[in-house]
Amino acid sequence: ICVSEMLQLPLVVTAQVDLLLVLVSLLAFWTRLSHLNYPNAVVFDEVYYGQFVSLYMKRVFFIDDSGPPLGHMILASGAYLGGFDGNFVWNRIGAEYPSTVNVWSLRLLPALCGALCVPLVYLLTLELKFSHLSALGAAVLLLLENSLIVQSRFMLLESVLIFFVLLAFFSYLRFHNAPSSWLILSGVSCGAAVGVKYMGLFSYLLLLVVASLHTWKLIGDKTISHMNVCVQSVHRVLCLVVVPVLLYVFWFYVHLSFLNRSGPHDQLMSSAFQASLQGGLSRITRGQPLEVAYGSQVTLRSSVSQPIPCWLHSHKVNYPIRYDNGRGSSHQQQVTCYPFKDVNNWWIIKDPGRQQLVVDTPPRPVRHGDVIQLVHGMTSRFLNSHDVAAPMSPHTQEVSGYIDFNVSMPAQNLWRVDISNREAESEVWKTILSEVRLIHVNTSAVLKLSGVSLPDWGFRQLEVVADKLFKAHSSSLEWTVEEHRYGTSQEQKEREAELHSPTHIDVDRKISFWAKFVELQWKMLTVKQEESEHKYSSSPLEWITMETNIAYWLHSSTNAQIHLIGNPVSWGVANLSLLAYQLLAVVYLLRRRRGLKDVPDGVWDQFVCLGCVCVGGWLVNFVPFLLMDKTLFLYHYLPALCYLYLLSPALLEHAHTHLLSSVTHQRALCVGALAVLLSIFLTYRTFCPLTYGSPELSAHQLQGLKWRDTWDILYRRR
């Protein structure tokens with residue numbers, strides 16, 4: 001047999017190319033990527049994300065309570081490709097980038113994601129079973145949306161989030177329409193969307209609802225065998241639930257593995273977490289004894305990180321005899337929680353049955369349930385509590401360094417050690433690892449950080465109390481030994497000198513990934529950065545009608561500037577489409593309830609699916625912001641807006657095909673649609689100078705772009 005017969009020569013390749021898709025893709029890349037390095041200055045939130053990119057480049061640990069780490073990793077990847085070393089101070093908007101910083105690469109990946117959203121919307125419209133003309137309309141709406149262009153062209157995350165959300169829905173609907181391997185891509189995209197920003201969670205949940213409805217319908221299909229139904233159901237659970245969860249954990253695994261150096265956010269984490277990082281606390285705690293023993297010298301850190309991390313502290317100042325409100329105190333030595341490292345943070349663990357304050361040979365470890373005394377290292381006062389109201393929290397007991405004033409106030413300085421995270425009843429108290437509650441023997445009250453600042457007489461340090469009405473699992477009750485050495489000096493003077501010279505004993509103290517993952521999750525959910533009012537912050541209701549804008553960048557000497565302003569015509573079309581769909585859905589439902597079917601069942605299913613994806617997508621990406629108590633900006637609305645741009649052309653096609661029977665009406669609708677598209681293009685061109693920052697406009701021209709009185713357009717008169 002000859003070779004030509006085996007190969008069946010000539011070899012012919014046949015390919016179908018959607019020229020509309022190619023065209024909108026090329027235009028999307030041109031609008032998003034052209035002149036990407038302009039302006040060569042920090043633009044709005046680049047000052048925020050840039051700090052994290054620099055920390056990534058230096059492998060320094062940080063916490064960003066606004067979202068998971070994948071978004072930062074993507075931005076850092078772009079910076080790495082451009083050779084960025086992290087040595088740039090992100091201290092103000094408008095700061096010029098030096099020649100050593102590749103601005104183009106910093107902004108490349110968000111711009112690519114923003115550009116890819118346009119062809120994705122085109123393909124997604126086709127998967128919703130609408131025509132190529134509707135797909136082109138949806139793509140054009142995204143293509144000419146000024147706010148999406150601005151948000152894509154800088155080192156920001158909204159375009160990345162929108163890309164993964166659209167990819168997740170496209171992949172799922174492609175799988176649903178023609179079962180294939182697309183489902184795994186949908187699951188990966190869901191995991192990526194949630195990994196970029198927590199707002200991606202709402203779109204992910206919407207997709208799960210849609211998939212659940214489809215699966216429920218599948219289960220009821222009697223033409224499919226029981227085995228096939230089980231296999232398909234398990235397949236969907238694995239791809240849409242297990243894969244996203246595993247990926248979410250994986251993003252944090254990479255994040256925590258890569259960022260292994262001590263940084264500015266260390267103090268928010270537990271002592272064990274801090275000690276696992278290179279530098280910082282790990283340098284202090286390296287070589288410390290692991291087991292706390294009688295005679296140990298320790299610093300006790302409160303496990304709660306709000307309002308700020310602090311250490312049990314005392315100093316040679318007594319409580320006032322009377323407080324400003326007339327209540328009396330014990331006038332004994334103050335005990336507080338101090339948010340800085342200080343020699344007065346050191347305490348000595350003492351055996352109540354012995355006088356010595358040094359560690360035996362071999363050391364006698366302190367175990368869960370043991371009764372101890374705590375002696376302040378620098379003043380030798382015993383940690384004490386009694387039935388005297390605390391200064392700022394009168395429903396709790398005062399905690400003091402005991403002074404015998406020869407009055408009827410005996411010492412009550414015995415404390416029972418309760419290791420809350422113990423694995424056995426005989427658990428030994430361990431440095432860094434053990435979370436301990438100190439229970440006052442006489443009153444059963446628990447040593448607690450109240451979090452209230454003391455007045456000037458307490459140097460504004462934080463109040464420490466003993467509380468009987470405590471919650472069993474409150475972190476404000478728990479303390480961790482952070483710094484630890486074995487005491488060897490019995491005399492006070494020698495002991496004070498010893499507090500500055502730690503003992504070195506090699507101990508391996510590792511913390512597992514899962515422990516770090518759980519702690520970091522908790523901190524991200526509970527530790528909020530200080531919220532402050534911003535000049536360009538806005539409320540969600542202002543977004544719908546675009547009552548607000550954001551000045552992203554202003555040239556230092558000219559009128560060249562960039563603003564986050566949407567295309568007003570597109571914005572209006574989106575709102576009208578949302579309203580029209582809701583009204584039409586109500587009419588359809590009422591008439592169907594009366595037994596009147598205006599459209600065939602197949603068209604009705606298509607209409608319902610459109611509403612679930614588009615109207616549902618708008619709702620889940622808008623309504624949560626109404627419930628949030630945080631500083632919000634116009635760009636938070638962009639994911640919701642994209643769903644409405646999907647809705648508009650599809651709804652127009654539905655009206656043209658199924659509601660208008662007259663050819664004249666259909667032609668009038670087409671003419672109106674073309675007029676609106678032309679208006680959208682002209683509006684896009686009008687606002688291009690504020691989208692790209694060029695060409696520079698005169699003050700009079702800028703005034704002409706102020707279409708709403710609430711917009712803040714900046715200009716210099718010449």
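**View 1. How much of the protein is tucked away?** Buried residues make up 54% of the 718 residues here, where buried means under 20% relative accessible area, exposed means over 50%, and partly exposed is in between (1.4 Å probe, protein chains only). The model is a predicted one, so to speak of a local feature takes pLDDT of at least 70 and side-chain atom pairs count only at pLDDT 80 or more, while totals for chains, interfaces and linings use all residues. Residues are numbered from 1 along each chain as its sequence is written, and side-chain values use heavy atoms, with hydrogens and water left out. The protein has 21 helices and 14 strands; these are DSSP runs numbered from the N terminus, with helices being H or I over at least four residues and strands being E over at least two. Along its principal axes, the C-alpha trace spans about 105 × 75 × 70 Å.

View 2. V234, V237, L238, V241, V242, V245 and L246 make a nonpolar surface patch of about 560 Å². Patches are built from residues with over 30% relative accessible area and no salt bridge, joining like charges within 9 Å and nonpolar side chains (Val, Leu, Ile, Met, Phe, Trp, Tyr) within 5 Å. The accessible areas come from the Shrake-Rupley method with a 1.4 Å probe, and for residues only the protein chains shown count as cover. Take V237: this residue sits in helix α11, and counts as partly exposed at 44% relative accessibility. An α-helix has 3.6 residues a turn, so residues three or four places apart point the same way.

View 3. How many of the six residues in β11 are buried? Six of six, so this strand (residues 462-467) is mostly covered. L462, V464 and A466 point one way, while E463, V465 and D467 point the other way. Two strands pair if DSSP finds at least two bridges between them. β11 pairs with β3 in the antiparallel sense over two bridges, and T336 stands opposite E463 there. Strand β7 (residues 397-401) also pairs with β11 in the antiparallel sense over two bridges, with Q397 opposite A466. Strand β10 (residues 446-453) is another antiparallel partner, over five bridges, and V446 stands opposite D467.

**View 4. Salt bridges across the chain.** A salt bridge here is a side-chain nitrogen of Lys or Arg within 4 Å of a carboxyl oxygen of Asp or Glu, and by this rule the count comes to 18. One of them joins R107 and E46 at 2.8 Å, N to O. R107 lies in helix α5 (residues 103-127) and E46 in helix α3 (residues 46-57), so this pair ties together parts 61 residues apart in sequence. Both R107 and E46 are buried. Another joins E547 and R708, with the closest N and O atoms 2.6 Å apart. That pair links distant parts of the chain, 161 residues apart: E547 is in the loop between α16 (540-544) and β13 (550-554), and R708 is in the segment after α21 (699-704). E547 is partly exposed at 22%, and R708 is partly exposed too, at 30%.

View 5. Most residues other than glycine have a negative phi, and most peptide bonds are trans. The peptide bond from Y38 to P39 is cis, with omega near 0°, and P39 is in the loop between α2 (19-33) and α3. A cis peptide bond also joins T361 and P362, with P362 in the loop between β4 and β5 (371-376). What is phi like at R59? Phi is near 60°, a positive value in a residue other than glycine. R59 is found in the loop between α3 and α4 (70-81). K129 has a positive phi of about 70°, lies in the loop between α5 and α6 (132-143), and is exposed at 58% relative accessible area.
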